[in-house]
Amino acid sequence: MRFTGTIKVNSRGHLEAGGVDVLDLAQEFGTPLYVLDEEGFRANCRAFREVFQKYGDAMVLYASKTLCCLAVCVMVEEEGLGLDVVSGGELYTALRASFPPERIYFHGNNKTPTELKMAVESSVGRVVVDNFYELEVLDRICERLGRNQEVLLRITPGIEAHTHEYIKTGQIDSKFGFTLSNGDALKAVQQVLTTRNLKLVGLHCHIGSQIFDMESYAHAAGTMMDFMAEIKENTGLELPELNLGGGFGIYYYAGDEPRSPEEWARAVMTTVQKKAGEKGLKMPRIIVEPGRAIAGPAGVTLYTIGSYKEIPGIRKYIAVDGGMTDNPRPAMYDSQYEAVIADRVQAEPNELVSVAGKCCESGDMLLWDINLPSPRPGDILVTLATGAYNYSMASNYNRIGKPAMVLVREGKAELIVRRESYDDLIRNDIIPEHLARGKVIKIAAGKK
Ligand SMILES: Cc1ncc(COP(=O)(O)O)c(C=O)c1O
């Protein structure tokens, strides 16, 4: 078990975060509840920014897909990072949080014309162009708006990171980016140079997520630098920016051995420096896009244990008041987490159980085969390292409202995302005229 940031066991043997006992949080805000440790989140932002900048010209973008809401965008801005967004919704959130648009990079494999127009009109720093179709659409949009746009090209360098199959994106068979090995990447460079409104300033790649192996990352950096040299040879253009994406792994579970930001920075920056020297290129500005490594360890989720079922000789299920709706990762990726009982963190974990969610789906399991100290109905179960890809991937399956999120710091807790109410769930529902009869319409209209 590893606790990071201000998440720790207090003198009463309870879990606390930001100086607040999580039992008090459960009492005040209810469960399920996402809890974000402000100091931990900010410290992770700072750690990446400082170490990468120590080695040269570098910029760190927070990958907002990991966990995106107004308060998070404000903290990221205050910590001096840029922002990676992949949809109009993420962009809108950032802009509403007054995030400086010039520090926003807009990614995505199928940005709609409306999203591209929104990005150009709001003056985002870079659009990371993913395919030939987008190249044409973006150029046309810029033409119509009378604007120029700086772009990067997303390249698929054909490198497999050692991680879960579904979250690998650097291999050749990927929906993302221009393939390097078949010449598409070079063709794309040549094509951008013929456009009237797009200015190519660099390249991007992202080889996967939850990566521990520095070799694959360094290999990607080297491959991209080789391509930078090939571009210079073919076009005379020396690109000033290289964005190597995110993917830095974190500790979820025994056996996970994450590297420190310092180790990543050293490996990446020295590989690029070496390659630049070999190829006679200037050192480009290096950009990285950590998401999970910033938000993941800073979050925990609180649940209340409810029903249980024992199948003698097979297993004991205990169920919590959330599940795949607030954390779909175990169902999607077989992701594993560690968990504690909030008021008995250090008690002997004497009972082997599996923790089920409350959704009407057999696959809705949060934790398989975990030892916990005599879990009972009413206990607060806390899953650790849930700051990344939990809230952002949450759904309303079974019409379950998304949990609230609180930001904790120096003994105080503040709501940063409200719990969805039943009214929120029907907010966008419409009963067409021909169905609007009797009781149904009265309930929907809130009439007595
Ligand atoms: C382009 C890009 N950048 C950054 C990230 C963030 O990755 P991670 O959260 O693993 O750091 C992702 C994740 O999928 C991504 O696709």
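Two strands count as paired if DSSP finds at least two bridges between them; strands (E, at least two residues) and helices (H or I, at least four) are DSSP runs, numbered from the N terminus. Residue numbers start from 1 along each chain as its sequence is written. Do keep in mind that this is a predicted model, in which local features need pLDDT of at least 70, side-chain atom pairs count only at pLDDT 80 or more, and totals for chains, interfaces and linings use all residues.

1. Strand E19 (residues 380-384) has two partners to look at. With strand E14 (residues 299-311) the pairing is antiparallel over 5 bridges, and Thr304 stands opposite Ile380. Strand E16 (residues 339-341) is joined to E19 by 3 bridges, also antiparallel, with Ala339 facing Thr383.

2. E19 is largely enclosed by the rest of the structure, because 5 of its 5 residues are buried (20 or more other C-beta atoms within 10 Å of the residue's own, C-beta atoms being placed from the backbone). Ile380, Val382 and Leu384 cover one side, and Leu381 and Thr383 the other.

3. An open antiparallel sheet has 3 strands in the order E1-E2-E3. Strands E1 (8-9) and E3 (20-21) stand at the edges with a single partner strand each, so one side of each lacks a neighbour in the sheet. Strand E2 (residues 15-17) is joined to E3 by 2 bridges, and Ala17 stands opposite Val20.

4. For helix packing, see H7 (residues 184-194) and H8 (residues 214-235): their axes, lines fitted to C-alpha atoms over the stretch in contact, come within 11 Å and cross at roughly 50 degrees.

Conventions
Axes fitted to C-alpha atoms, helices over the stretch in contact; angles between N-to-C directions. Buried ≥ 20, exposed ≤ 12 C-beta atoms within 10 Å, placed from the backbone.
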